[in-house]
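I opened this notebook to look up ring contacts and strand pairing. My entries follow.

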Amino acid sequence: MRKTGKITCFVAGIALCISLAGCTANTDRWAYIHEPDKEVLALSDNGKAVFKGDKYTYTKDDTFIVLKDSSGASFDHRYVMDGEKMIFYERSTYTRDGGSASDGIAGMWRQDNGWSFEFTSEGTFSEEGFFVGRYAVDEAAGTIKLMYADPIEDSLLYYSLDGDELTIDYPWPMVHVTKEQ
């Protein structure tokens with residue numbers, strides 16, 4: 001090959017590398033506010049996501065981020081942008097531990113992992129047996145507002161109740177990851 005042919009191939013190779021670098025996806029990396037260096041959620045502008053180490057494709061609008069796994073199952077997560085923070089809602093289901101469905105949300109609710117909520121008919125709550133305060137239910141909006149006794153910011157949970165199962169979308173404040181992963 002002549003010298004001009006080698007130069008042409010070299011220039012073409014560099015141009016290809018530059019163009020491919022420009023096509024890489026930008027990724028928003030999020031961490032819980034209490035662990036800002038540990039990535040929990042990564043959303044790439046090419047529609048790919050990683051949540052807690054699992055790979056998904058995703059779509060989003062102004063209210064929900066919908067993650068879809070390789071089997072086609074989808075998981076919708078509410079989110080709210082608050083400046084540079086994101087409030088990301090994670091869904092979990094609790095089972096009633098005593099009482100009856102006629103009590104509404106009043107009663108003790110537990111998960112297999114030990115997490116719990118207790119809501120009294122007097123309007124008080126206990127979260128994990130540690131965080132306490134008052135609560136208010138808006139059945140029409142499907143929300144529970146937790147007003148903590150400690151100097152903790154109030155939380156708004158989304159919920160649904162089906163017999164002895166209480167499903168809660170719990171808000172987790174997130175920030176951009178503070179170090180590269």
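Arg78 lies over the face of Tyr158, 3.6 Å from the ring centre.

I noted the basis. This is a predicted model, where local features need pLDDT of at least 70, side-chain atom pairs count only at pLDDT 80 or more, and totals for chains, interfaces and linings use all residues. Residues are numbered from 1 along each chain as its sequence is written, and side-chain values use heavy atoms, with hydrogens and water left out.

Next I looked up aromatic pairs. Rings of Phe, Tyr and Trp (its six-membered ring) pair if their centres lie within 6.5 Å; planes under 30 degrees apart are stacked, over 60 edge-to-face, the rest tilted. I found 12 aromatic pairs by this rule. Tyr89 is in strand S7 (residues 85-96) and Tyr158 in strand S13 (residues 155-162), 69 residues apart. Strands are DSSP runs (E, at least two residues), numbered from the N terminus.

I also logged a cluster: ring pairs link Tyr32, Tyr94, Phe117, Phe119, Tyr135, Tyr170 and Trp172.

Last, the strands. Two strands pair if DSSP finds at least two bridges between them. S3 (residues 48-51) and S4 (residues 54-60) run antiparallel, joined by four bridges. Val50 stands opposite Lys55 in S4. Two residues lie between the strands of this hairpin, and Lys52 takes a positive phi near 50°.

How values were computed:
Lys NZ or Arg CZ within 6 Å of the ring centre and 35° of its normal.
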